Amino acid sequence: MTTIPDDVTTRYEAVIGLEVHVELATATKMFCACATEFGGEPNSRTCPVCLGLPGSLPVPNRAAIEAAVRLGLALDCDVAPSSRFHRKNYFYPDMPKNYQISQYDVPICSDGRLEVDVDGEPTTVGITRVHMEEDTGKSLHVGGTGRIAGSDHSLIDYNRAGIPLLEIVSEPDIRSAAQARAYLAELRAIVLALGISDAKLEEGSMRCDANVSLRPRDTQAYGTRVEIKNMNSLRSLQRAVDYEIRRHTERLEAGDPVVQETRHWDEDAGATSTLRAKEEVFDYRYFPDPDLVPVEPDAARIEELRVGLPELPAAQRRRLVDDLGIEAEQARTLVGSGLASVLDDASAAGADAPTAAKWLANEITSWCHDQGIEPADAPIEGSALAELLAMVEEGTLSTKLARAALDGVLAGEGSPREVAQARGLEQVSDEGELERLVDEAIASQPEAAEKVRGGNDKAIGALVGAVMKASQGQANPQRVNELLRDRLAN
């Protein structure tokens, strides 16, 4: 793809809407009692209901319905007093019933909004609807690259078929790839705060499709839209949307029409490619599911759910900044990653909040990245972090040794004090031992000592380094400095 001059790209306005699927963390499937736990022998978590066998009757999962209502309330949606399920008919090899139970003309929640912020510029994105449906099974393409093209044969696992999903459809209010990324990040943070899903993009429990079109600036008519399917990271979403904006711009500038279609994003190639011609709503031949009665949530229960909503990410970020003195970017990182609760616990246990925030945003987030786990799953309690920071404050651990102790804590070796003792990490603060090490350093580096005596203060670094090396990094550096200056001043 050629580089497009800025004066060309600014002639067009991107119009972007997102459809996000969230797999709910309920114990059982949407319409039966089969377990939703990940893994297990293929096709071992199925029953006549989720396989759609004749004579089986679905029963809606109350926990899934309440999760939908809670998300709708968090997104400032209206909750429908009565909604209903439809059958969405199409043939997919991983959909054993040949139809999907979904919601069509009356979703459970609609007309909400979500505030996003990109570089300090707030934008309100409308929420068209939040509706309930069930997930499909999973196809495994054997041979070749693992994709269906070039594979020898395919296997189907129906364990995932019937797991409850929420689909959140936005209005086409997003105008850039950066806004699209910010929207998805904020929505994911809300889902995590509600605890209704682990929202792991890489594992498919949260999936995002983007509808992208372009139109000349200062016009209202929509351009031809293209859907990009199943981006599995925030980075992929931003790159894919950016790619489509540039591709549409090139075609429009060349006088070529944009074709309405569904496209696949290839992360390695950094490009989209045609997947299939876009289906229209009428292709699905929706009709009301005759086996399911309307969903009519009790108004009093909805109010209970509203009152019981947790602190939401926007309010959480404001509190961290205004009340705890956390830097805005760190607050965004901690809230978005699910580590804000650890910070709160550490602060309650006596830790200095800004210091704890730095350790969480830097050391612990980095450790999780190296281990390939979500920061929200970091195996550390706020009280343990507070204990670690107290050991630094009291001089038992240097910052460097505290990082080593933290590694042990995260590895499950015990509390910070237990790890520090077991690994021999505690600082040497014994005056006699420190004086011996300082004397040895001065004796071994007489030139550096003379420079310090002659007024070259920087030369003291070589002597401090010698003491730290001899103590294997465990000497208290502040006390070492003090002792060296005392010795060399006489």
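**Figure 1. Lys88 and its bridge partner in a predicted model.** Lys88 has Gln100, in strand S4, as its bridge partner. Strand S3 covers residues 86-89 and pairs with S4 in the antiparallel sense over 4 bridges. Two strands count as paired if DSSP finds at least two bridges between them. Helices (H or I, at least four residues) and strands (E, at least two) are DSSP runs, numbered from the N terminus. This is a predicted model, in which local features need pLDDT of at least 70 and side-chain atom pairs count only at pLDDT 80 or more, while totals for chains, interfaces and linings use all residues. Residues are numbered from 1 along each chain as its sequence is written, and side-chain values use heavy atoms, with hydrogens and water left out.

**Figure 2. The open sheet S4-S3-S14.** The sheet has 3 strands in the order S4-S3-S14, with antiparallel pairing. Strands S4 (99-102) and S14 (287-288) stand at the edges with a single partner strand each, so one side of each is left without a neighbour in the sheet. Strands of a sheet pair through backbone hydrogen bonds, either parallel or antiparallel.

Figure 3. In contact (heavy atoms within 4.5 Å) are 7 residues of domain 1 and 7 residues of domain 2. About 530 Å² is buried between domain 1 and domain 2, with 37% of it on carbon and sulfur atoms. Glu186, Arg188 and Lys200 lose the most area on the domain 1 side, together 55% of what that side buries. Buried area is the accessible area (1.4 Å probe) that two parts lose on being put together, summed over both.

**Figure 4. Salt bridges between domain 1 and domain 2.** The count between these two domains is 3 salt bridges, and the structure holds 36. A salt bridge is a side-chain nitrogen of Lys or Arg within 4 Å of a carboxyl oxygen of Asp or Glu. Lys200 forms one with Asp377, their closest N and O atoms being 3.5 Å apart. Helix H4 (residues 177-194) gives the most to the side of domain 1 that touches domain 2, with 4 residues.

**Figure 5. The Arg188 and Glu374 pair.** The side chains of Arg188 and Glu374 meet in a salt bridge at 3.1 Å, N to O. This pair links distant parts of the chain, 186 residues apart: Arg188 is in helix H4, and Glu374 is in the loop between helix H10 (353-371) and helix H11 (382-393).
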